[in-house]
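Morning, everyone. Let me put the model up, and then we'll walk through it.

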Amino acid sequence: MRYLPKSPTERHEMLAAVGVKSIEELFSSIPERFRLREALKIPGPYSKDRASENSSGYTSFLGAGVYNHLRSVVTDAIIQRGEFLTSYTPYQAEITQGTLQAIFEFQTLMCQLTGQEVANASMYDGSTATTEAVLMAERLTGRQRVLVARSVHPEYRDVLKTYAKNSGLVVEEIPFAANGTVDAKALQSALKDDVAAVVVQSPNFFGVIESYAPLAEFAHAAGAMFVVAVAEGVSLGIVRPPAEADIVAMEGQSFGLPPSYGGPFAGVIASREKFVRQMPGRLSGQTTDSEGQRGFVLTLATREQHIRREKATSNICTNQALCALAATVHLTLLGKEGLREMAEQNLSKAHFALSELEKVPGVRRTFDMPFFNEFTIELPRSVKIVNSQLLREKIIGPLALGTAYPELTKRALVCVTETTTRAEIERFAGALKTALQRPI
Amino acid sequence: MNTKIKKASRHTNQSEGLIFEKSSPGKRAFELPPLDVPAADPAKALGANHRRAGIEGFPEVSEIEVLRHFTRLSTWNYAIDLGMYPLGSCTMKYNPRVNEFVARLDGIATEHPYQPQELSQGCLKIMRLLEQCLLEMTGMDAITLQPAAGAQGELTGLLLIRAFLEKQGNPRKKVLIPDSAHGTNPATAVIAGYEVENIRSESHGQIDVEKLRHLVTGEVAALMITNPSTLGIFEQRIPEIAQILHSKGALLYMDGANMNALAGVTRPGDLGVDVMHLNLHKTFSTPHGGGGPGAGPVAMKKILEPFRPVPILVEKEGGRLVLEPVRPDSIGRVKAFAGNFGVLVRALAYILAYGPGVRQATEDAVLNANYIRKRLEGVFELPYSLPSMHEVVFSDAIQKKNGVSTMDIAKRLIDYGFHPYTTAFPLIVPGAMMIEPTESESKEECDLFIDAMKAIAEEAATKPEIVKTAPHTTRVRRLDEVGAARKPVLRWKPATSRSEAAD
C-alpha cells in the first residue's frame with residue numbers, strides 16, 4: 001500500500017528486534033475470540049472516486065447561513081502548504097510560531113470586524129459559537145434564562161436547545177415584529193433580572209438588519225448580556241459592527257471557505273477584554289522568548305479542558321484552525337478596500353434583484369427594512385411548487401421560509417452575492433414570472 | 001552542533017512581522033470583477049445608522065506580500081510533511097494529498113446544504129458509504145456523522161445515553177471516568193448534565209474491575225473508557241466491564257481516539273461497547289491543520305438509534321437518499337447543516353484507498369510502537385510493563401535524577417529534528433513521555449528517532465544543561481508563558497491610535 005513506508009524485509013527485521021515471531025503476537029492483549037479473522041467488508045482499494053448528481057450548471061439564490069463568495073486561489077495555495085496543513089495544535093510554541101502568529105492575526109481581524117476587544121482561535125461554526133456565547137453569558141451572570149430572537153438562524157437555535165437541555169438553561173424565544181425585526185415590546189416584557197442573555201442575529205434570518213442600540217439598552221438594564229450572532233460576515237464590510245454587544249458569535253464561512261455541503265467552516269467568539277477568562281476555546285497571545293524576541297504562545301489555558309477537566313469553560317479541543325487560517329489569508333487578500341467593495345457589490349446586486357423581482361406580478365417584498373444581501377419576498381403561491389418549476393430552468397430558487405416558520409408560508413428568502421451576475425438575476429426574474437403565470 | 005544529530009541541520013529562516021505592520025493605504029491583493037448592476041448608495045440603502053465607515057487597522061497589502069507573509073510563517077512550523085511527529089494520543093499520520101483533491105472537486109466543495117435533495121444525491125451517497133464503512137469497522141448498528149470533532153462526539157454520545165435512560169424513567173446522576181482519560185471526557189460529562197466520578201487505575205494501568213463492581217450503582221449512567229487507554233494498553237477485561245455496567249442498567253462509552261490500534265483487528269461493538277466516537281482527524285488521516293477541523297462521528301448499538309441527532313440519513317425505495325428532519329426521540333441537533341462534510345469526504349477517500357487492507361496500517365502502527373519501546377527500554381523508565389499497542393509511555397524517572405524533565409527532553413528533540421512526543425499526559429504517569437509513531441514512519445525514521453532519544457539520554461547524564469536549556473536551534477527560544485498569561489496581549493493594535501490603545 002502506497003501510504004505505508006515499510007518493505008516486507010524491514011517488517012521482519014523489526015519483528016525480530018522486538019523479539020516476537022509474528023505480528024499476531026503484538027495483539028495478544030486482545031482476547032483471542034475478539035480478534036477479527038476475516039477481512040473487513042469495506043469497498044476498495046480504489047484510487048479515485050467521483051460524486052455524481054450535484055448542482056453543477058445551476059444558478060443558486062440560496063444563502064441562509066452559507067454564502068457563495070469569490071475566493072482567491074492564493075488562499076488555497078497557502079492552506080495546502082504542508083507546514084500548515086499537517087501541523088498539530090501549536091502546543092510546542094518554538095516550532096509552531098507560524099500557526100501561532102497566524103491565529104494572533106486571525107484574532108486581530110475578528111476584533112476589527114466585530115468591534116470587539118478579544119476573539120478566540122475559532123469554534124466549530126456559527127451555531128456552536130452562538131451556543132458557547134450563551135454558556136459564557138450564563139457563567140458571567142450566574143443566571144439561567146435565555147431570550148433568543150426567533151429571527152436567529154433556526155439551526156443555531158436548535159443547537160442551543162440541544163446544549164441547554166441538560167445544563168439547566170431555559171431558552172425562550174422572542175417573536176419578530178411585522179417589519180421583521182425583533183419585537184422590542186415582547187423582549188422588554190420577557191426581560192427580568194433572571195435573564196443571562198438576549199440573543200439576536202444581524203442581518204437576521206430574514207435578511208433584515210437589526211438596530212443594536214435599543215436592544216442592548218434593554219438587555220443591559222436588566223443586567224443581561226447582549227449577544228449578537230453574525231451569519232454573513234461580509235456584511236461587516238459595510239454595516240456597522242455590533243459594538244454594543246457583550247459577546248459576538250460569528251460564522252466565518254463567508255471569508256474564503258467553500259459551501260462544502262455545510263462544513264467545515266469557522267465559528268468565532270469575540271467579546272470584551274474583561275470577560276476573557278470566561279471565554280471558551282484557544283487563544284494565542286504575544287510574549288517574548290528568553291532572548292527578548294517577540295513570539296506567540298497558546299495562553300490562558302487554565303480555562304481549557306486539558307488543564308481544568310470538569311471545571312473547564314468548554315469541552316472544545318479540536319477547533320477549525322485551518323478554516324480560520326483560510327479566513328485570515330482571504331481577508332488579508334481582500335484587505336480594507338476589497339472587503340468594502342465586496343460588501344458594496346452584495347448590497348447593490350441584492351437591491352437590484354429586489355427591484356427586478358418586485359416587477360414580477362404577484363411578488364411582494366415582505367419586510368420593508370434595511371437589508372444587506374438577503375431579503376424576503378412573498379409569492380402568490382407555494383414556494384416549493386415555484387421552486388420545482390425553477391429547477392427545470394436550472395435555477396435553485398430561494399429558501400422556502402414556511403418550513404421553519406409556519407406563519408411565513410409563501411415567503412422565500414432570496415440571497416444574491418457578488419458572484420451572481422445581472423444576467424442571472426434577470427433570468428431568475430423572468431423564470432419566476434413564467435412560473436407564476438402557469439395555471440396551478 | 002552535536003555530531004549525533006543526523007536528521008536536521010541549521011538553515012536560515014526569514015524574519016517577518018505582523019501583516020498589520022506591513023500595511024500601507026491603497027494596496028490591495030484582490031480585484032473584483034466590475035459591478036454589472038447600478039451601484040446602490042450605502043448611506044441610502046442601509047441608513048446612516050447602520051452604515052459603517054472603513055475598518056480601522058484592516059490590512060492593505062499586495063498579493064505577493066500576502067503570499068510571502070504566510071509562506072514565511074509556514075516555514076516556522078514543524079509538520080508531518082517534514083518528519084516524524086510522535087505526539088502520543090494525536091495519531092499524526094500521513095495526510096494523503098488525493099484526499100485534499102477530492103474534497104475540492106466541483107460537486108463536493110460547491111454544494112449548498114439547502115439545495116434540493118435530488119441535486120444532493122452525490123453528497124448523500126458519500127455520507128452513506130462512509131457510515132457503512134465506519135459501522136463495519138466498529139461493529140456497531142447505527143451512526144451519526146454530525147459532530148464536528150471528538151469532544152462534540154463525546155457530548156453527542158453522552159446525550160444519547162441520557163436520552164435512552166430518561167426514556168426508561170431516570171437519566172441517573174453520574175458518569176465514571178478513569179484518571180487516565182482525556183480532559184475532554186470530564187468536561188463533556190458536565191455539559192451533558194452529569195457529575196463526574198474519577199476512578200483510579202490499578203497498579204498495571206488497567207481499570208480496577210473489582211473496584212468498578214462497587215462503584216457501579218443505580219446512580220451511574222455510564223463509564224467513559226479509552227481503549228487502548230492513554231497508556232497505550234488494551235483494556236483486557238473490557239467485555240467484563242461492559243457486563244458489570246449492563247447488569248446495573250448503565251452503558252459503556254468508548255473514546256475512540258485510539259482506534260488506530262484496533263482498525264481491522266478487533267471491533268469495539270463486539271467487545272460490548274454501547275456507543276463510541278471516532279476522530280476522523282486521527283485514525284482516518286484528515287489533516288490536523290494546526291488544530292482542526294476534525295469530525296467526530298458517533299457509532300452506537302441499536303438501543304440508542306432512536307435518539308440520534310437530526311437530520312437522519314435515510315435510504316428510500318430505489319436507493320434515493322434523504323435527510324429526514326424529524327424524529328420524536330432525537331436529542332436534537334449538535335451542529336448546523338450536515339456536519340463537517342469536507343472532512344467526511346477526506347476520511348472516506350482514505351478508507352477507500354486502503355479497503356480491507358487498512359489492517360496492515362494498524363499492524364504497522366503497533367509494530368512501530370513496539371520497536372521503539374524495545375529499543376528504548378532501559379534508556380528510559382517504562383512505568384507500566386503491559387504490552388503496548390499503538391503507543392508507548394515512558395517516564396523521565398531516570399533523567400529526573402539529574403534534574404532533566406520530560407519537557408526538557410521533548411524540547412531537546414526539536415534540536416534533533418523531531419517534533420516532541422506528548423509530555424503533559426497521561427496524568428497518572430509523573431513525567432510522562434508518550435510516544436505514538438503511527439504507521440506512516442519508515443524503519444529509517446524510527447531508527448533516527450531512537451538514535452536521537454538515546455543521544456539525549458546520554459546528554460542528560462553527562463551534560464544536562466544543554467538539555468535543560470533546549471531548544472537551541474529554533475527561531476525563538478523558550479517563551480515566557482507566565483508573562484503571556486499575566487498580561488494577555490491577544491490582538492495587534494496600531495501604535496499611533498490613542499483611542500484604541502486606551503481601551
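Start with one pair: Gln201(A) stands opposite Ala229(A) in strand E6 of chain A. A caution before going on: this is a predicted model, where local features need pLDDT of at least 70, side-chain atom pairs count only at pLDDT 80 or more, and totals for chains, interfaces and linings use all residues. Residues are numbered from 1 along each chain as its sequence is written, with chains lettered from A and ligands numbered from 1 in the order in which they are written.

Back to the strands. E5 (195–201) and E6 (225–230) of chain A run parallel, joined by 5 bridges. Strands here are DSSP E runs of at least two residues; helices are H or I runs of at least four; both are numbered from the N terminus. Two strands pair if DSSP finds at least two bridges between them.

Now the whole sheet. It is open, with 7 strands in the order E2-E8-E7-E6-E5-E3-E4 of chain A, and the pairing is mixed. E2 (118–119) and E4 (170–174) of chain A are at the edges; each has a single partner strand, so one side of each lacks a neighbour in the sheet.

Chain A overall: 13 helices and 15 strands. The C-alpha box is roughly 80 × 55 × 50 Å along the principal axes.

Last, the partner chain. 161 residues of chain A contact 165 residues of chain B; contact means C-beta atoms, placed from the backbone, within 7 Å. Which helix gives the largest share of chain A's side? Helix H11 (321–358) of chain A, with 23 residues.

Conventions. Two residues are in contact if their C-beta atoms, placed from the backbone, lie within 7 Å.
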